[in-house]
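Dear colleague,

I am passing on the structure below, together with some notes on what turned up in it. Please read them with the model open beside you.

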Number of protein chains: 2
Amino acid sequence: MDRQFNIRRTLIGEPLPTNEASHQRLSKLKALAVFSSDALSSSAYATEAILLVLVAAGTGALAISWPIALAITALLLIVSFSYFQTIHAYPNGGGAYIVSKENLGNNPGLIAAASLLIDYILTVAVSVSAGVAALTSAFPALADQRVPLALVIVAFITLVNLRGVKESGTFFSIPTYAFIVGIFIMIVWGLIRIATGNVPAPHEGQIVTDGLIQATESLTLFIILRAFSAGCTALTGVEAISNGIPAFKAPESKNAGQTLIAMVAILGMLFIGITFLANHFPIEVGGHGGKTVLSQINAEVFGENTVMYYYLQFATLFILSLAANTAFADFPRLASLIAKDRYLPRQLTNYGDRLVYSNGIILLAVSACVLIALFNAREHNLLPLYAVGVFISFTLSQSGMVIHWLKERKFEGFKATNSWRFKLGMNAFGAFLTLTVGLVLMVTKFTEGAWLVIVAIPILIWMMAKIHNHYKEVAHSLSLDGLVPTVPRTSRLTDRNHAPLVVMMNSLNRSSLQALDYALQMSDNVRALAIAVEPEQVEVLRKRWSGWLLDSIPLDIIESPFRNISEPLIEYLHNRDESDPAKLPTIVVVPEFVVTDWWAKFLHNGTTSIIRAALYQDQIARGHGRPVVFVPYRIGDTLYQPDVIGRVEGQPSAD
Amino acid sequence: MDRQFNIRRTLIGEPLPTNEASHQRLSKLKALAVFSSDALSSSAYATEAILLVLVAAGTGALAISWPIALAITALLLIVSFSYFQTIHAYPNGGGAYIVSKENLGNNPGLIAAASLLIDYILTVAVSVSAGVAALTSAFPALADQRVPLALVIVAFITLVNLRGVKESGTFFSIPTYAFIVGIFIMIVWGLIRIATGNVPAPHEGQIVTDGLIQATESLTLFIILRAFSAGCTALTGVEAISNGIPAFKAPESKNAGQTLIAMVAILGMLFIGITFLANHFPIEVGGHGGKTVLSQINAEVFGENTVMYYYLQFATLFILSLAANTAFADFPRLASLIAKDRYLPRQLTNYGDRLVYSNGIILLAVSACVLIALFNAREHNLLPLYAVGVFISFTLSQSGMVIHWLKERKFEGFKATNSWRFKLGMNAFGAFLTLTVGLVLMVTKFTEGAWLVIVAIPILIWMMAKIHNHYKEVAHSLSLDGLVPTVPRTSRLTDRNHAPLVVMMNSLNRSSLQALDYALQMSDNVRALAIAVEPEQVEVLRKRWSGWLLDSIPLDIIESPFRNISEPLIEYLHNRDESDPAKLPTIVVVPEFVVTDWWAKFLHNGTTSIIRAALYQDQIARGHGRPVVFVPYRIGDTLYQPDVIGRVEGQPSAD
């Protein structure tokens with residue numbers, strides 16, 4: 001135990017007291033690193049996702065990626081503006097869950113919650129997989145180690161997060177900014193080369209679209225919509241800031257709003273810039289080299305094996321790993337919010353030693369690892385699952401804001417300015433747009449994997465409803481409603497000595513005699529019970545019982561030829577309950593071994609566990625419970641002496 | 001629970017009472033099937049094992065397999081005769097373990113025990129893998145499914161054995177005899193074809209040795225010894241009958257001895273016959289076709305795709321699967337014998353519902369599955385591990401018999417006949433031979449995997465010694481030695497009402513009030529304890545405490561800013577123990593939820609388990625234990641009423 005404890009301390013640090021919770025806040029610069037890495041890093045794969053769809057319609061179709069990217073950027077701006085309004089309307093953290101629940105009701109809230117939880121898990125799986133792809137693009141020899149590499153990265157992020165969010169903010173700032181700066185240099189340098197006509201000629205298998213759309217027969221509207229849907233992954237992560245407002249330094253809303261504006265501006269530029277370069281430099285889409293589009297642009301702009309090339313590949317790996325961290329900041333917080341509303345297990349509301357929601361962190365890490373293993377750490381297989389949940393929560397969140405403004409306009413001052421009309425209009429437009437895109441996403445990606453999410457969300461909602469009902473039942477069952485406070489009878493009782501106790505006594509030894517003594521200490525109404533599996537046990541036990549002068553205590557022996565303990569015990573107890581004059585339930589006293597070596601537990605028959613399970617099942621089945629007393633006896637001791645523990649020193653003997 | 005129970009009943013049958021144990025006996029015909037399948041089925045791979053070694057020295061060396069097979073058969077006869085003597089000297093089951101322990105002492109007994117246990121596990125892994133090889137020889141398309149096929153077979157045998165040995169005897173007789181008959185037909189038909197010169201010409205890659213040893217430079221003595229060692233796997237399983245004597249019908253020894261003679265005669269003929277055919281029909285050794293030598297002979301003798309061909313392949317699969325059953329009959333019996341001597345966990349002595357040692361069966365099945373998975377179900381990779389343990393136990397068993405005869409000769413009658421000299425001589429010769437072969441095995445197979453067994457045996461012995469010491473310590477610790485029987489004080493005590501109880505009470509609800517009532521029913525000396533993780537809990541609890549008129553009971557509240565429950569609880573309890581005037585240890589009363597749905601357990605914080613673990617650890621650390629009382633409350637009930645459970649109806653109020 002102590003050693004385990006020390007390993008834990010080394011890995012996650014000393015425990016922090018509860019009242020330090022509010023000190024763990026992030027500056028804007030750090031918050032941008034923590035909450036924006038998801039959104040920003042999607043620029044590493046969003047362009048490629050568009051191209052991968054279009055290439056099916058022939059290389060000539062690739063140039064349409066440019067108008068698609070512009071359309072997605074417009075969508076990004078509208079969604080962001082909606083969230084900007086949310087941040088100011090919900091300064092305590094206005095994620096889609098809270099906004100939907102407050103304005104649309106419980107069920108839409110749960111839909112938003114389920115969508116978001118699933119998407120956070122996908123964020124981790126997709127981002128880490130894409131990060132590994134950046135690494136294997138630079139080092140193709142590692143391509144076979146995709147899954148182990150991805151799992152190691154998840155494990156590392158998990159540990160960092162178990163240490164606490166402030167430290168991870170510091171830790172993660174540098175790589176995020178390194179990525180932003182690196183990509184900006186690449187875009188600027190690439191634009192200069194295009195402007196000066198210094199663009200390499202395509203090799204075999206590579207293509208340059210030059211931004212000219214060549215007509216191909218197969219470029220249908222459906223494929224354009226699919227490409228648009230694929231590119232919408234660029235929008236994932238935009239909502240992260242609005243969920244995480246309480247982690248900002250005061251004034252939270254203002255800081256969060258400014259951070260959102262900065263994030264969207266940077267994201268828009270990165271996405272458009274990368275897509276533009278992809279249209280003007282020779283690249284190979286979906287080739288068997290397994291190199292990402294971004295790494296190919298990178299290699300073309302800076303040259304392979306240059307310092308800048310490796311710098312940018314590593315910066316991509318790092319920001320994508322950190323994108324996973326966005327989810328690690330938000331998933332546990334959202335899960336604890338939902339758990340506080342009693343829709344998820346309440347363990348998710350527990351602060352860990354380091355004031356983070358450790359259980360939520362671990363749940364997220366395990367789920368993401370399962371996804372990574374199932375999808376072989378290939379982000380483009382995971383992407384079709386990804387954006388569906390995001391757009392469901394976008395739509396719900398903005399519909400909720402529409403209702404919010406309708407409520408707000410009734411308050412004076414607000415009404416006077418008439419600004420609610422504009423705000424409502426913006427959110428309504430956003431809701432309509434994201435709903436449309438969401439439906440397009442579901443249809444175009446359904447067979448590619450989106451169906452999994454469309455199935456998972458209702459299942460998750462059903463589970464949350466079931467959990468909620470359980471907690472409601474618990475609360476109802478425990479509630480003191482209808483009871484009248486009464487002064488307890490703490491003075492001596494005449495019936496005190498009649499509490500019926502049964503001591504399990506399959507053989508006579510120091511442990512069972514100690515249990516008997518404790519029972520006698522608590523009541524006069526004590527019996528002993530043995531369940532004899534071997535017929536010869538009966539005689540032996542009766543003889544020893546008399547030999548130890550215990551005949552004044554009734555010894556009941558049940559023969560159990562089928563070697564079953566549970567059933568005869570339960571039957572016996574019910575008979576005892578019946579025959580008790582006061583109808584008090586019989587209390588079971590179980591002598592129990594305590595062994596000092598962990599492995600020694602496996603050397604004993606586990607009768608204790610069998611008895612405990614039997615009593616538990618009996619109570620489930622018949623309702624009426626009975627206390628069970630475990631009297632431990634440490635093996636290695638011969639401490640028990642009837643005169644020491646059973647009879648208190650200095651007290652008169654009763655006989 | 002009920003559903004689980006029914007599945008178990010369907011799979012393994014209704015429980016049998018303990019006194020039916022002796023009725024589960026085997027006739028000679030069935031016993032031959034149960035105990036001989038291991039020995040007989042080794043003829044399916046022993047010849048191939050020899051050839052696989054020799055082929056490394058060139059195809060010309062293969063013909064030496066014939067004299068090697070003859071030498072191994074001679075060894076088989078000598079070892080069997082030794083075991084025949086053992087069967088009559090130890091009618092209650094004279095396995096190597098018992099014979100070594102009684103005559104040579106504890107440590108040699110443990111060496112024999114460890115060797116045998118390991119070899120039984122290997123029997124299952126090797127036999128099932130070889131059985132799958134027989135199947136994939138006939139159906140090469142299944143070759144990739146080796147491991148899953150092998151695991152399914154192990155699972156099936158496990159189930160059959162959990163049903164009980166008598167039924168498995170009936171069940172297994174037919175395939176064993178089918179194999180014996182099939183191979184005899186093949187040998188006779190093959191001999192006729194050789195005699196009539198009707199032998200097919202070899203295809204490309206095949207060879208015919210025609211029994212002529214061609215001189216090859218590379219055929220060293222070491223390779224001949226290795227080939228001999230490899231062939232010694234034919235001897236595995238010979239000891240099975242001597243371990244299983246109690247499963248025979250009376251007169252046990254006589255029946256067992258006759259069964260042994262029958263088994264050895266059949267085995268010798270099968271092994272020699274197959275080796276002879278392998279030398280006269282064209283076969284490919286270790287080729288990439290993956291077909292076993294036996295299946296190639298089978299195809300040559302009867303023709304491919306004939307009914308006889310498939311009949312014999314399936315018979316081989318079945319007897320090899322049943323060979324695994326030998327181990328399932330013997331391993332649990334031996335393990336229970338060793339466990340009765342307290343060298344293995346005593347759970348291995350438990351009869352299951354169906355009067356078989358269920359735990360031993362499951363332990364064997366799991367171990368074998370691990371080996372199969374690790375070695376990819378390839379029997380020729382497992383074989384080098386296999387025979388080492390067998391020959392260690394042979395040597396110990398026969399050395400033990402030498403001592404046995406030295407003791408026996410002192411008894412009159414026996415002395416007069418002087419037959420002890422002959423018997424002692426036979427066993428001494430057998431011991432010398434098996435020791436020599438065992439050493440040859442260890443040396444020649446060391447690097448091929450035998451080292452694993454040579455390392456595993458001492459580790460197993462160390463574990464057994466450790467387990468034995470633990471049980472000795474338990475017995476010493478529980479023993480009543482040094483205690484004097486005293487009449488217990490069952491009459492009313494003046495100190496009865498002073499047993500110190502502490503009720504864990506983190507909130508005031510029906511469950512915790514019920515626990516409080518039970519505590520008050522047992523003692524006057526009751527306190528309540530709350531460990532407050534949130535500072536605001538303290539005030540709330542104090543107010544409710546007064547509101548429910550409980551001020552007469554002391555309420556202790558500990559604040560735990562680090563959200564730890566265990567440490568403050570243990571510290572508090574030690575302080576209470578100190579301050580108790582009678583120095584009685586404080587008894588902990590824990591209210592506990594009982595939930596009817598299994599999944600609902602995961603929705604509660606598990607404070608009960610934390611408290612239990614903390615008390616357990618405390619007792620390990622400091623020695624003195626304290627009883628812990630669990631008071632269950634079934635969620636879904638609102639049964640608790642202070643006036644119903646807390647105060648017995650019809651009794652006077654105390655205030």
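B:Arg626 is buried, since its relative accessible area is 5%, where buried means under 20% relative accessible area, exposed over 50% and partly exposed in between, with a 1.4 Å probe and protein chains only. The model is a predicted one, in which local features need pLDDT of at least 70 and side-chain atom pairs count only at pLDDT 80 or more, while totals for chains, interfaces and linings use all residues. Residues are numbered from 1 along each chain as its sequence is written, chains are lettered from A and ligands numbered from 1 in the order in which they are written, and side-chain values use heavy atoms, with hydrogens and water left out.

The side chain of B:Arg626 meets that of B:Asp577 in a salt bridge, at 2.9 Å from N to O; the term stands for a side-chain nitrogen of Lys or Arg within 4 Å of a carboxyl oxygen of Asp or Glu. Because B:Arg626 lies in the loop between α22 (607-622) and β5 (628-634) of chain B and B:Asp577 in helix α21 (residues 566-579) of chain B, the pair ties together parts that are 49 residues apart in sequence. Helices (H or I, at least four residues) and strands (E, at least two) are DSSP runs, numbered from the N terminus. B:Asp577, at 16% relative accessibility, also counts as buried.

Over all chains, the structure holds 14 salt bridges. One of them joins B:Arg527 to B:Asp556, with the closest N and O atoms 2.8 Å apart. This pair links distant parts of the chain, with B:Arg527 in strand β2 (residues 526-532) of chain B and B:Asp556 in strand β3 (residues 555-559) of chain B, 29 residues apart. B:Asp556 is buried, having a relative accessible area of 17%.

B:Arg527 also stands opposite B:Val502, from its place in β2(B). Four bridges join β1(B) to β2(B), and the two run parallel; strands pair if DSSP finds at least two bridges between them. Strand β1 (residues 501-504) of chain B is covered on both faces, with B:Leu501 and B:Val503 buried on one side and B:Val502 and B:Met504 buried on the other.

In chain A, A:Arg146 forms a salt bridge with A:Glu379, the closest N and O atoms being 3.7 Å apart. Since A:Arg146 lies in helix α7 (residues 146-163) of chain A and A:Glu379 in helix α15 of chain A, the pair ties together parts that are 233 residues apart in sequence. Both A:Arg146 and A:Glu379 are buried.
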